[in-house]
Amino acid sequence: MNIECFKKQVIGGIQGSVIGDALGVPAEFMSRDELRNNPIKGMKSGGAHDQPIGTWSDDTSMTLCTIDSLIENGVDYDDQMTRFADWLWSAINTANNEVFDVGGTTKQSIFRFVKGTPALECGELAEYTCGNGSLMRLFPTAMYIIGQYENDSIDDRSAQIIHNTSKCTHQHPICQMACGIFFSVIASLSNSVDLHNAIKNGISSGLKYYKDKTEFSDVYDTFTFLMNIEKWSEDEVNSSGYVVDTLQAALWCLYNSLSYKECVLKAVNLGDDTDTTAAVAGAIAGMWFGEEQIPVCWQGVTAKYGEIRELSKRFCRACLENK
């Protein structure tokens, strides 16, 4: 492992996700047609949530809670859920001491945990609850696994951690497998030099891993279309809050971009669940292109950007402990 490269990937990915989230907040719920007529070109205030410029949402809050937990306790699902509850009830790890835009499935899972349900049984199992609430906070856990175990692909150990991380809020196999494939792509990006091959190989490796897993046999075919990523037009890319749509959109945006800025603006202007699409796309774009490609003017107006960057450095050390 190239430790300096890994550090840059971690910091770029975390900061890239935060910026993507903040960029997408003012555009959330806008349609693609609306944004084609009036596209987002940079940081704005307002929108459906009427937030100040540079405000990020639940995507970043839960990501920060995950980072705090991994730094302090390693992989500890009870601790992560406790921190999610602190965020929801006490506005810990929020941009402006306000909790907003929380998904119903995530909220219900935290309610269950507070009432005594074990962390790994809190997530909902119904298919209609297959939102993107576990995918949006996965990047730190993925990089922690890569740092600790030097994974360049998904295996049983990494898959168990990824699946359990999702189960805390989203138990359905579709959510677990979406997170697993996303991890596979992140692992592929972490040691590749060609973007397109890295994404394709990550998807292929993920699908190969799940091919013979009986517990995922009913949902496996839901993801096979991802292998055709190079053939999709924008009109074939969905950007709703459904976890498969978010995964598709984020991978497509990175696959078809030459810079971080291009990737996250592409993600936001797809419309609908703009903050999460841009947060997920921003994580892998920041990881690949590096923090230096994030426009300085965006960094300057994003809430707590400097504080989060210092946290990212601490997180790097946790990922590389004993290395």
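Trainee: Let's start with helix α10. How far apart are its end C-alpha atoms?

Mentor: Keep in mind that this is a predicted model. The end C-alpha atoms of α10, residues 243-255, are 18 Å apart.

Trainee: OK, helix pairs next. At what angle do α3 and α4 cross?

Mentor: The axes of α3 (residues 58-73) and α4 (residues 77-90) cross at roughly 140° and come within 9 Å. The two helices are therefore oblique to each other, and their crossing is right-handed.

Trainee: Which residues make that contact?

Mentor: On the α3 side they include Asp58, Met62, Cys65 and Leu70, and on the α4 side Arg83, Phe84 and Trp87 are among them. By type, the contact residues divide into five nonpolar, five polar and five charged.

Trainee: What about α1 and α14, how do their axes cross?

Mentor: Helix α1 (residues 3-24) and helix α14 (residues 305-319) have axes that cross at roughly 145° and come within 9 Å. Here α1 passes α14 in a right-handed crossing. From α1, the contact residues include Phe6, Val10, Ile11 and Ile14, while Tyr305, Ile308 and Phe315 are among those from α14.

Trainee: How do those divide by type?

Mentor: Into eleven nonpolar, two polar and three charged.

Trainee: Is Asn97 buried or exposed?

Mentor: Exposed, because its relative accessible area is 64% and the cut-off for exposed is over 50%.

Trainee: And Glu150, what's its phi?

Mentor: Also positive, about 60°, although Glu150 is not a glycine. You'll find Glu150 in the loop between α6 (139-149) and α7 (156-167). At 45% relative accessibility, Glu150 counts as partly exposed.

Trainee: Last one: where does Asn269 lie?

Mentor: In the loop between α11 (260-268) and α12 (274-289). Asn269 is buried, with a relative accessible area of 15%.

Trainee: Which residues does Asn269 touch?

Mentor: Leaving out residues up to four places away in sequence, Asn269 touches Arg32, Leu35, Pro39 and Ile40.

Notes: Residues are numbered from 1 along each chain as its sequence is written. This is a predicted model: local features need pLDDT of at least 70, side-chain atom pairs count only at pLDDT 80 or more; totals for chains, interfaces and linings use all residues. Side-chain values use heavy atoms; hydrogens and water are left out. Helices (H or I, at least four residues) and strands (E, at least two) are DSSP runs, numbered from the N terminus. Buried means under 20% relative accessible area, exposed over 50%, partly exposed in between (1.4 Å probe, protein chains only). Contact means heavy atoms within 4.5 Å. Axes are lines fitted to C-alpha atoms, for helices over the stretch in contact, and angles run from 0 to 180 degrees between N-to-C directions. A crossing is left-handed if the near helix is turned anticlockwise from the far one by less than a right angle, and right-handed if clockwise. Ala, Val, Leu, Ile, Met, Phe, Trp, Tyr, Cys and Pro count as nonpolar, Asp, Glu, Lys and Arg as charged, and the others, Gly among them, as polar. Angles under 35 degrees count as roughly parallel, over 145 as roughly antiparallel, 65 to 115 as roughly perpendicular and the rest as oblique. The expected span of a helix is 1.5 Å times one less than its number of residues.
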